[in-house]
Amino acid sequence: QVQLQESGPGLVKPSQTLSLTCAVSGGKVATAYNYWNWIRQSPGKAMEWIGYITYTGSTHYNPSLKSRTSNSRDTSKNQFTLQVSSVTPEDTDVYYCARAPKQTLDPEGMTSWGKGTLVTVSS
């Protein structure tokens, strides 16, 4: 069974770049057909899909975040990374990495989840 673990700083200053890594075990990031997603959620709000990187390395992003978001992967370390630039306090959320077996923007379509990590944007 695929297991995911997010890591990264819990506090980021406004205008800086948020960077999170998701370590994958029990599976390989380059194995077909895996879609490696990032999703975030604020208390009391619906989950927001951020983007994914596929087993081939191709990426797809939420249009509302596309200009500030970048996904990458390191197959040697079996992990993938999210970067969000020019962050504001509105980017304060719990960030999750998740795996899907096909292309989907729906959190309900994810089959494996990390536990989530809180990122606070504050000076």
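This is a predicted model: local features need pLDDT of at least 70, side-chain atom pairs count only at pLDDT 80 or more; totals for chains, interfaces and linings use all residues.
**Stop 1**

Begin by selecting strand S1 (3–7), strand S3 (18–25), strand S8 (79–84) and strand S7 (69–74). They form an open sheet in the order S1-S3-S8-S7, and the pairing is antiparallel. S1 and S7 stand at the edges with a single partner strand each, so one side of each has no neighbour in the sheet. On average, neighbouring strands here are turned by 20° against each other, direction ignored.

Now zoom in on the pairings. Five bridges join S1 to S3; to see one of them, pick Gln5 and its bridge partner in S3, Ala23. On the way to S8, S3 makes six bridges, again in the antiparallel sense. Select Thr21 and you will find its partner Thr81 in S8, while Leu20 stands opposite Leu82 of that strand.

**Stop 2: the largest nonpolar core**

Next, show the side chains of Leu18, Trp36, Trp38 and Phe80. Within the largest nonpolar core, which has 21 residues, these four touch the most other members. Strands S3, S4 (35–41), S5 (48–54), S8, S9 (93–100) and S11 (117–121) each supply at least two residues of this core. Which strand gives the largest share? That is S3, with four residues.

Stay with Leu18 and display what surrounds it. Beyond its neighbours within four places in sequence, Leu18 is in contact with Val12, Leu82, Gln83, Val84, Val87, Tyr95 and Val119.

Apart from this core lies another, of eight residues; Trp49, Tyr52, Tyr55 and Met110 are among them.

**Stop 3: the aromatic cluster**

Three of those names lead to the last stop. The whole structure holds seven aromatic pairs. Select Tyr33 and Tyr55: their ring centres are 5.3 Å apart and the planes meet at 80°, so this pair is edge-to-face. Because Tyr33 sits in the loop between S3 and S4 and Tyr55 in the loop between S5 and strand S6 (59–61), the pair ties together parts that are 22 residues apart in sequence. Is Tyr33 buried or exposed? With a relative accessible area of 55%, Tyr33 is exposed.

Move on to Trp49 and Tyr52, whose rings make a tilted pair, 5.8 Å centre to centre with 55° between the planes. Both Trp49 and Tyr52 are buried.

To finish, select Tyr33, Tyr35, Trp49, Tyr52 and Tyr55 together: ring pairs link these residues into a cluster.

Key:
Residues are numbered from 1 along each chain as its sequence is written. Side-chain values use heavy atoms; hydrogens and water are left out. A nonpolar core is a set of buried Ala, Val, Leu, Ile, Met, Phe, Trp, Tyr and Cys residues joined through side-chain atoms within 4.5 Å. Buried means under 20% relative accessible area, exposed over 50%, partly exposed in between (1.4 Å probe, protein chains only). Contact means heavy atoms within 4.5 Å. Two strands pair if DSSP finds at least two bridges between them. Axes are lines fitted to C-alpha atoms, for helices over the stretch in contact, and angles run from 0 to 180 degrees between N-to-C directions. Rings of Phe, Tyr and Trp (its six-membered ring) pair if their centres lie within 6.5 Å; planes under 30 degrees apart count as stacked, over 60 as edge-to-face and the rest as tilted.
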